Structure formats: C-alpha cells, structure tokens
Amino acid sequence: MLALAFLADPKAGRSAEEPIAKASRSTDGLIALYTFDGDDPGRVEDRSGFGEPLALRIDKPQAVLRRGGTFRITAPALIASDGPATKLIDAIRASSEVTIEAWIEPQDTNQSGPARIVTLSENPSLRNLTLGQDKTRFELRLRSASSDDNGIPAITAPEGSAKVGLTHLVFTHAKDGTRRILIDGKLVTETRIEGTLDRWDGDHRLAIGNELTGDRPWHGTLHLVAIYDRALSDTEARTHHAAGIPATDLSRFESLLPPPHPDPVDFVTDIQPILKEHCYECHSGENEDGGVNLGIRRRALQGGDHGPILVPGNSLQSRLVHLVAAIDKSDVMPPDSEGLSDIEIAKLRAWIDRGADWPPSADVADPRESLAREHWAFQPLREIIPPATRNTDWLLTPIDRFVLAKLEGAGLQPQGRANPRQLIRRIQFDLIGLPPTPEELDAFSAAFDRSPDAAIEALVDRLLQSPHHGERWARHWLDVARYADSDGQESDRDRPTAYHYRDFVIRALCDDMPYDQFIRWQLAGDEYEPQNPDAIAATGFLAAGPFAALPDRLMEDERLRNRYNELDDIMSTIGSGLLGLTLGCVRCHDHKYDAIPARDYYSILAAFHGGERAEVPLGQTADKTLGFRDRGPQPSPTWLFQRGDYYDRDQPVSLGFVSVLTRGKSPEDYLREARDASDANATSLQRRALAHWMTDVDHGAGALLARVIVNRVWQHHFGQPLVQTVGDFGVRSEPPSHPELLEWLAHDFVSNGWKLKRLHRLIVRSAVYNQRSAGAPPAADPDNRLLWKMPLRRLEGEILRDTMLAVGGDLNTQMFGPAVKPQIASEAVLARNLKDPYPNRIEDNDELRRRSVYLFHKRVVPYPWLQAFDKPDAQQSCSRRDRTTVAPQALALLNDPFSRQASLTFAGRLIGECDADRDDADLKADFDAIVRRAYLLALARPASDAETAAGTRFISDQLRERIGRETNADAANRSRNLLTAVADFAQVVFSLNEFIYVD
Amino acid sequence: MTHPNFHSTDPHCGRFRPVLNRRDWLQRAGNGIGTLALAQLLAAESSRANDSPSPNAPLAPRTGHFAPRAKSVIWLFMEGAPSSVDMFDPKPELTKRDGQRIAIDVFNGNPGPLMKSPFSFKQYGESGAWVCDRYTNVARHVDDFAFIKSLHSDSNDHVPALYQINTGIARPGFPAAGAWVTYGLGSENQNLPGFVVLGNNQGIKGGPLNWHAGFLPAAHQGTLFRPEGTPILNLTRPADVTRADQRKQLDLLAQLNADHLATHPGEAELIGRIQSFELAYRMQTEATRMTDFSDETQETRDLYGVDQKETRSYGSKCLLARRLIESGVRFVQVYSDGEWDAHSDLAKNHSGHCKATDVPIAGLLTDLKRRGLFDSTLVIWGGEFGRMPVSQGNNGRDHNPQGFMAWMAGAGIRGGTSHGETDEIGYKAAVDPVTVHDLHATMLHLLGIDHLRLTYRHNGREYRLTDVAGELLTKLIKA
C-alpha cells in the first residue's frame, strides 16, 4: 500500500517548467488530510501532519470498497472521529477561515438530505459545518455568528453541479465572509455571509459519508478530503484540480518503474499489440470501462472517469503506466493480473515520453473485427519448417521435432519407446478399438525384435485396412454429429433408417474418403451426387439432431419455436462441430468476441431454411434413409431475427457465410459455381455453395476446417488435444499448446488431399506417440501438456464393452445395418407417452454381441451401461467426452447382467481353452493356465508368478466356497461351480485398472 | 496476459468461478443496481474456499459462494400443471365473469368461456392466505409459505415446459437444477447419489432429460429412486454372486490395482477408480436401507398417510424424501402420480390429486419441523406451468405458461409472504412477473450459491442454470 506524501515545497528539485511542479498541492494551513490509503480496513488515517492525527473509524468496513486510494461507500456506515475534532475546531475558531476540499465521485444524483459528504456536527440539526449533496447540487452549511446552529442559511452550488463522475470540490470561507464554491477549478458560487466562526461547538466530531446519527448516508467514492484553516485562493483551487487525485502524484515512484526503452518505438508495431492483447477487451469499441477507450487516439487522450490516463511527454505522470506496472498492488491493470512485463512497460514509457505519437490511421473503432481478422485460427494456412532440436536420435517424424523443441525449451526429456506389448495394445485400441490376440501379440513382438520401425509400419498398415478401423473412428465422429436412432423430445419416435448415415460414416472412414468431400457430402451430398446412395445417406448429418413433430393444430408460436430450435441445432452443430465456432450464440446477438454478426448466422441458416429432414430414397435403390432435402429449387425467404424473435421479419437476408472467414469471393460467386456445376433442378444448391465455401482453403473456411479436424484426430490419439477448446477455435479459445505443430499438421493434411489415414500414420509412427506412458511428473509440466510421456488413456464405454466381448471370444463382428436395441432393465425405462416405447423384453440373440457402434441409441431411453461410462447423450454436438470416475461405473461392472454374462463367457472360454473341465483335472496346473491365459487375452501380457499365484488361489478358494454351499455335489454342479468361480476371477480382470487404462 | 475469468486451464472440465468479468460487474455497479451486491460479491470472492469438483470425487461436499441458508432441497413436483386459481389464488373477478367469452389463444385451440373455480376457498393462518377446500391439511402450514403468484414461462407444451422448469431452458439436453446444485456443492453422503428423483408410476413426460446432467459431468445426473424394492439400477448383485463372493472379488481387485498403481506414479485417476469400487460396495447397503421403513414408527407412517390407499404412493415418496435429505442427500424431487393435466373435469382431476398429496405434504412439513430439518431444507411446490382461466370442453382447463404459481417453504424463506400477481382473471402474470430463472436464482442463493458465478464451459461458452438472466426474489428471503 502506498504511503502518500506531498512535497513540502512544490518546486523542490524541479524546474518550474515541469508539469509536475505546476500541479502540486499546497500544505500551508492544512489541518486535516484524508487520502484513503493505509492498511487498516477499519480506519481512515489523517495524513496532514498537523497536530494530533485525527483518524476516522469505520463502523462497518464491509460497507466500504477500498482499492488503493479510492474509497467507495456502497452501504450506509458511520465513518467518524472517535472524539471531538478539537484540533480542527480550535484552529478554525482562531482563524475564522476554513477551506474544505474533496475529490469525489457521487454514485447517483438521487441522494438527498443533503447526503453528508463531510460533516463536523452532532446530529441532523446541530453542526459546525456540513458539505453535502442534494440530488444534482452540492450544499454547504456553516455555523457562524450570523447563522443558526443548523448552519442555515446554506449556500449551494447550481443545479447540475453534482453529477455522477469524478468531481473536484472546493469550498472556502474567508474572514470577510466571502464564501466560494469551485468545482473542477471553476468558480460556480460566490456569496458573502459575514460573521466570525467563534460560535463553533467544541464537542462536534468529524464524519464522512453520513451524519453522526447515521441517517443521512451518502453513496459514492472519495479520493481525497482536505481541510484548511484558511481560505484557499482560486489559483490554489485550480492548481489542486490540475494536480488531480493523489494517484497522479506517484511520480516519486520512478525507481519502481522499468526505465523507458532506449530503442525507437513505433505505435503500430510496438505499442498497439500490447494494448490489443491486454486492454482492448474492456477498453475499446463499445466497451469503455471506467470511461476509458484505448482504441482511438482522441478518446485515449481524453482519459476516463478518474481523469487523464495518458500525459504525452510524461510517462511518470501517466496513470496508465502506474496501473500496468502494478505500483499499487490493489489497483492493477489488467484486473487480477500482476501487470505487464517490464519490457512492455519500458516500451509504453518510451512511447509516452517521446510524445505518444499515434497515427490517426491506426485507430481501432471495432476491436472485435480487428481481433478476429488477426486471430491465428482465422488465417490462411502457412507452411511451417519443423524446428531443429539438440537431440536428434529420438526423432522419427517431423512431428517429433515440434514436440521435442518445446520439451528442450522447458528443460524436459521425452521418454523412450514403450515395449512391444504396450505398443501393440495402444495402437490396436487407437486404430480399431479392439485388443490384440495372443497370436498377434507374439507375431508383433517377434517382428519388433527384428525391426521396431518396420513392425510398427506393418501393424499400422494392417489396422488401417481393417474394417474395424472405420467402426472405431466413426464412433468419434458420431459424437460430433450428435447421432442417435430416435427423435428424442416427447414422443421419441424411432428412426429405423437413420443407420444409413452411420454406415456412410464407417464406410467413408474405411475408404479414406478425403475429409473435405466427407464434409461436403454431409452438408449437400444430394446436391453433389443425387444418384449416389452414400452421398444421400451423408445428409443424415443434418437430420441427426433431436426433433419434435408438432401437430398443425398447435399454436403457431409453439410450432415456430420448435422449427427454429431445429434449425439452431444444425447451426450449432456445424459451428462447433466443423468450424470450431460457437455459432449458436449468434442466434440472439452479434457474437460478443468473434466478430460474427447475427447477420452471418441467419445468412448461413438461409441454406437450410428451405429444406427439411425427410425419408429420402437412397439413389436408385428401394431403400430410404433419414436425410435432408430442399422442398424445392427456390430459396425460402429468410430474415434476421433480432434477439432470436421469430416474429421479427423486417430484415430479409440471402445466403451468406461467416464474413471474417471469407476472402475475395462472394456468396453469389459460390452459388453461381454451384449452379454451373450441377444440373439438379429439385434443389436450391445453397447447401452446395455453403459446402464449397466450408472446404475452400483459399477463399473460404477450409483452413479453419482443417485445423479443427486435425486437432480432433490428435485428441483421440493422445487423449488430449493441442487446442483444449476442441469445439471452439474463436478468439476466446485456448491457444494451442503447440501452435506450429498444429499448423504444420493442417497444412500437410490439406496439401496431401485431406487424407485422414495419412494423418493417423504420421502420428502413430512418431516418437512422441511411441513413448512410454509412465514417469514421475516433472514440476515444469505436471499436466503433461508438453507430452514428455504418452498420456495414460482410458477406454470409452463402447470400447470397454467391445473388449469384454472380444476377450470372451463372443464378439459378433457383423458390420452395418439397422441398429440393435440392447437389453435394458425395465426399471431403467423411465419415460412414458413415447410413440415408440422401448421393448419390455428382448430375447438373447447374437446381435446383442455386436460392436457398440451398432447399438440403438434411443435418446429418451439411453442404454444405462454405456451412459454410466460417459457416453454423450446426443442432444448436442459433443467435442470432448467427460471422463468421470464414479461408483455407478463400478456397480455396472459388478452387478449389471451384461458384465456378469460377459465374465461367464470369458470364463467358459478360459476353461475350454485350458481343458480344465475334466474329472481328472489337475486343478492347480489348470488354474495356473487359466490365469496366464486370461492375462494374455485381456491385458496383452504374461502374468507374473505372483499374479498367477494370487489368481490361482482366488479361483481355488471360490470353487471350494461355491461347492461347499451346494447340498448335492454332482458332476454338473462341479462344472457350474467351476464356471462361476472362474467367472468371479474374470470379472475381477474386467474391473482392473490395467484393463480399462491403456499404457 | 490472459484474463482468468475467460481462460481456465482446462475449459473442458469447467470451473466453479465467476462468469462475470470485472467489466461486467463494474458496469452493473455503475448502473446503480446492486452496489451492495458488489460488496457482497467481493467479500464472497475472498472467502470462497474449495471450488473445483474433482473428476475423482465429483460429489465431495464443497462450500458455496457464501453461507447457505438451506443445505438441501425437496421439490414437490406437481406434474401436469395444477391450476393456480383453483388451488391458492382465487379470483373474484373470474367468478363474477363466469361464462363470459374473451379473446384468447390456447394450446389445443377452441377456447371456452371464462370458468369460475369449482372449489370454495377459505383464508388460513395469520397471513390469511387463501387455500381451496381440497387442501385443508397443507393449509395449516401457509404461514410458512412464500407464494410466487406471477410465474411465467415460454412453452405451452408439457415437455418443453418441464425442461424449462427443471433446466432453465425449454429445450432438451441442458443440466437440471439438481445437477447444477451438486456440481456446485457436492453432497453430504458419498454412499448415496447427491440428486435423487422420486418418479411416478407412469413415468415422467420427457423422461430422464428432466434430471439430466446435460454437459455437466455425468456424476451430477439425478438418480431415479423407486420407493419400493431395489431403489436404483445395478444395486442388486447377480444371482450367482453372494455378498461374500463380491467382497473377495474386491479384495483381489484392490491388491492387483495397488500393484498397477505402483508402476504409474502421479496418476490420481487410478486412485479415484480404486475408491469407486469400495464406494459402490457400500452404496448397495446404504441405498437399500433408505427404502426400508421398518425403523419408522406407525405414528410417522400415519402422518404421511403411508398406509392409506389414496396417499400410499405420494406419502411413501415424501417419507423417503425426508429419509434421504436426513442422510445427507442434497436435492430430492418428488413427482406426483398421474397428471394434474385437467383438460376435462378439472374438479374431479384436481380433487383426486389433492387427496393424494394433501396429507403427505402436510405430514412432510410437520415431520421436517419436529425433526429440526425445516430450517435447513428448502421445500418447493409447483408444476411445469398453470392452467387457463377459460374452460376447455365443458369443465376442463387448457395449458397456461403465462401466469402460474409455486410456493417455497423452509430454510431461509420468509413465511406468510407472497410475491407478484396475475391479472384479475388469473391469465397472465401482471404484477412483478417472475421467470423460471428468478426461481432458480433464488433457490441457488438460499443454498449459498451466486447463480451468476456457477458456470460451466461447454462448446465455447460459459453456461449457467440461469442462462443470461435471473433476479433474486429478495422479498421471499428471510432477513
């Protein structure tokens, strides 16, 4: 906290020309001074240095908000001297002159009474002196030989003199009876009321912000209160005004500031970027916190509610510098920071000291647009040269250079290569979502011993060609596409044909369809290849969201709400899912941060406005699919709804895109190209134009689209993305942990035909991906953002289920086709009135053991087993799943019939493969074999001897225990008990951390 | 330098932190609305303690932004929408103009004329609150109620309206109030879910999305408890596994997991998962104990009407609700059975529902008071919207989201008060209209949470239960 001291001699040590000298305060006759600094929240110190300090005590410190030298009274409180203000009363009686000076900011102009700003009194009608506010004017009452004990007649400053905002107030009474009020250095009232002050009452106490009786509160901010036993001259009053509030006297703290930067400083290249990064959010464009705007020169020089902030030619005098240098720890800009860096402050000082040159062309009127135009994610793709690293032995791919350079910069070491069984398990789960078989494990280990690189190369090739790869990665995309097999909402009708879209996704990923085409088809497949069933099925993306069919008889208001919610679902999904933009927000207002105006939202919406979800024929086939189609070739009229109000149809809009992402090509150009390229006549081709723009790297959103998908792919390989805000790449997003790597990957991706499999190959072959997953966390990066090791990952619910089935040898690998309804306990079916109720009973059948991606997701009746493991609800696009660890997951593994059945199946397989169910079986040897086999199948590693012993003992105990419970130990019982005892063990294996976590 | 209010280190997980930045609240203060609130905000800011739910212990109890009045909430949910003018808000003008036609747009079309209430009304208690002749037991408690008689919401349809009153938004997929509350405060009993829903016989319209965690971590989702038998899913062991078998499984699991943990230093999640199995084991006993009323006296059973045919269902749920909050569960919703959806024969419909809920609710209030739980439990009564002043068919009433009511009682509530009014016929909120956000903001406030600061980042935006609105109903809060 600052201790404020005024210079005894205003000119000491300084030449008269210096502005600082001109603006110093007089201490002559100063008998009380309150500058509201000090550490004690319950006290206001008297800094006058005159006589015994007259401190004021605050009865309710919580009513006052103190920041440095500002003192904001927000609730009634009593702030008063403990006893009579004897030193003041005696001095003023003796001189018969008085000045009361204050720097204040009234909170409002409704307070009256008058509301006491400063008072030397006893109660509302007995006073020596009171300075108060009565609505829009100030009033002064002073007891003298010619007034009553209430100080009447009072003198007042004119109507309008009291205003919200910083005000400098000086009241003087001279011996000859002249009374003056000066506001902001200007004389506003002068009158003469003769009479000495020797009638002053010696018992009165001094108070601020209220009457001593507590019933005339004043609300506002005080910066300074000074009392003199003489009348200040008008010149002195003006000087005090020019000196400003005490904070501007901080020039004596030069030693606390970094010296001005010695080099030339240019506003546009050196200064504006500092302001942009740290200040614009609150101080530019429409945001002028405290009245300060740092975007426009004229406004910056005007200063704010607290007075000037920039004094060209004098950085010491510039409040801006004091604030960003955190001179006063309680009053720092930016808020909640420790101020700017020394180099930034040095540059600011140099710029201000040399005259604060600011070319008019550099004014920024709309910071959002300027910020957005410069935002990294909105730029064209750049080609990046991978950085050099000191350690070159570790490198396997260009990716590794980016990661290693960062690690070296932080003084960290990467981990070496994981062992082959860890690697095959990791890569298998990653690329196909299924564990390696013991045979695959052996083959890979042998190949790895010959050549690790070649072994991994071959493994990756094999897995990328597996149809399971499409199933695995389709699940990731279906989260983004909020895909489900029913409508949701009240009736939750089933969507028996929706699966064609899911199958399209699986096939596209298996076939390595270029990602740009993948997106184009999902937005407008019917407008690209109307005869191609896959292209038609792809439009299921637009129809995949929740939907309620409302009958026409219902109120129009209800139906319109429903319709525009449906369109908003598409807009939000496209926004966060494809572009990493929070378009949903723009429905009701211009985007707060991203310079995406509401107009952009409605002009993109125009592309879908003339269309609807429908059962559409799959090309020439007899099948139909849930997809999207235009109702006709004519675009539907679309309007910009202010605040989302769908009755507001004043502003028509036509097809358009996100303007900040569009360069050198208009929506009309895209539309014309779409029409030129197509002979379709049943559709408006607006979606095709949008799809082209979306994937256009040169003139449209293609660069952003590429960055967003590359980040998603990275996230699924490493469990954590490069940009943490996966669905938000806007200006408020988290900056990438490895910006150059992301840019390099996106550029490589686009330059090589938007091929996802190439991207997988690049990543999986990298040294960073091949690292070990264990290691003690270094202090420099405990969260592993820099990837000094491979993150430990957890299987998603679907993969956990698939793996339990696969390990038990019971996985049905049939691909594609209608979704399969899992068995759901009737007590978990919690909704009614469904148009398609969930079946009460589903007989056991092979379909129930298909991969989870084929399970029916009924929105209102989600499958509890998967739901427990954080499967998203498909109500909105999901960019990043939760990863919770809660008891219902354990309950699902311990008690759910699926888990027990899978354990029994696994047990049956183990017993069969170890031939343990014989009358003459050597139990000890058989159980050993069972445990060892279980570890190989489930964990892709041999069991240790200790583990084998523990497992064997457990199975033997359980078998003995179970047989002991039987009343009749015949052969069948032995078989059954063996099965359940081994299942008890298998269930433990399925519950192991090692089973669900991948090294 | 970044501003911490906007850039959390892990936006995915969200944070319990201010959603307003300094600019916003200074602006508010500058506008003169709430300089006091500002001081409180700052005071609370500095006193806020444990603030970020851990993914490993998402329900660990946490302190809110300021000292709470209520520790838990029991929400008596009257599904299907009871009629205000027939329950607690009689309108003489409606009686006077009975049979008159007015211009009005109704959900199902074809509106009838104004229809007076088929019930008679009396004033009760010192506060003189009006209650219909079918709710005489509840009426004995009116001096503890704070009525809100000017609620309004957006949708005329049950399901969006249910979503709105439960989640603040009239669309599916947003976190329910109960989920927000356990996200903010955790729960006192780790062996039970923090947010419990006592559903009804027929299932609730719109289903689990009414008690959904939305984009909040799934642990905050409401758990549907059945009042009889096994209360929640997967609580019963497989038929071929005894409790002893399971204990042995867990012992082996713990041993093997400990060895695995030793090779993975610094992975807190692995420890959390080890603990979750032990918790699951305890939960099986604890949750089953909740629905076993054998330790309740006959007098208590009678108080709730547990053994009477008409009141058995709702009485059992009210008793279960008390047992749950007594055991530390944070948030319990108690749905009424059937629907108050009186499109025809309102008198018969509402008489039946009054019969089924009057004794149980009165019993619950009495029981909470005598057990000293009333001062720490917020009780809310209400439906998803209200009903029209005009008739539908001959003697029913259609949906009305434009003016309806609720009451609150218990912790922090100023009893015998009323906020807002509908117009003279009970059609639209007319005096001091109250939104669902206001109701939620007030509920959170009583729990010690500033609704502006309970936020979660999702798809690039900070979300709140109260969206971008919500004003405290300070009149209803005890000084």
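Predicted model: local features only at pLDDT ≥ 70, side-chain atom pairs only at ≥ 80, totals over all residues.
Figure 1. Pro667(A), Tyr670(A), Leu671(A), Glu673(A) and Ala674(A) of α20(A) meet Gln686(A), Arg688(A), Ala689(A), His692(A) and Trp693(A) of α21(A). By class, this contact has six nonpolar, two polar and two charged residues. Helix α20 spans residues 667-677 of chain A and helix α21 spans residues 686-695 of chain A; their axes come within 8 Å and cross at roughly 115°. That angle makes α20(A) roughly perpendicular to α21(A). The crossing in which α20(A) passes α21(A) is right-handed.

**Figure 2. The contact between chain B and chain A.** Chain B contributes 80 residues to the contact, and chain A contributes 86 residues. On the side of chain B that touches chain A, the elements giving two or more residues are α1 (22-30), α2 (35-47), α8 (243-262) and α9 (268-290) of chain B. The largest share of this side, 10 residues, comes from α8(B). By class, the side of chain B that touches chain A has 34 nonpolar, 30 polar and 16 charged residues.

**Figure 3. The buried helix α6(B) within chain B.** Chain B has 479 residues, of which 57% count as buried, and contains 13 helices and 17 strands. Among contacts in chain B between residues at least 6 apart in sequence, 74% join residues at least 24 apart. Helix α6 (residues 158-167) of chain B is largely enclosed by the rest of the structure, because 10 of its 10 residues are buried. Among them are His158(B), Pro160(B), Tyr163(B), Gln164(B) and Asn166(B). The covering of the buried residues of α6(B) includes α7 (177-185) and α13 (436-446) of chain B. Just after α6(B), Gly168(B) takes a positive phi of about 90°.

**Figure 4. Leu256(A) and its contacts with Ala325(A) and Ile327(A).** Leu256(A) lies in the loop between α3 (234-243) and α4 (267-278) of chain A. With 11 other C-beta atoms within 10 Å, Leu256(A) is exposed, because a residue with 12 or fewer such neighbours is assigned to that class. When neighbours within four places in sequence are left aside, Leu256(A) is in contact with Ala325(A) and Ile327(A). Leu256(A) and Ala325(A) are 69 residues apart in sequence, yet their C-alpha atoms are 8.4 Å apart in space.

Figure 5. Most peptide bonds are trans. Pro153(A) lies in the loop between β10 (137-142) and β11 (155-156) of chain A. Pro334(A) lies in the loop between α6 (319-324) and α7 (342-353) of chain A.

**Figure 6. Positive phi at Ala874(A) and Ala940(A).** Most residues other than glycine have a negative phi. Ala874(A) has a positive phi, near 65°, and lies in the loop between α26 (864-868) and α27 (887-895) of chain A. Ala874(A) counts as buried, with 24 C-beta neighbours inside 10 Å. The phi of Ala940(A) is likewise positive, near 55°. Ala940(A) is found in the loop between α29 (923-939) and α30 (945-965) of chain A. With 26 C-beta neighbours inside 10 Å, Ala940(A) counts as buried.

Conventions. Residues numbered from 1 in each chain as written. Chains lettered and ligands numbered in written order. Axes fitted to C-alpha atoms, helices over the stretch in contact; angles between N-to-C directions. Helix = DSSP H or I, 4+ residues; strand = E, 2+ residues; numbered from the N terminus. Parallel < 35°, antiparallel > 145°, perpendicular 65-115°, else oblique. Left-handed = near helix turned anticlockwise from the far one by under 90°. Contact = placed C-beta atoms within 7 Å. Nonpolar A, V, L, I, M, F, W, Y, C, P; charged D, E, K, R; others polar. Buried ≥ 20, exposed ≤ 12 C-beta atoms within 10 Å, placed from the backbone.
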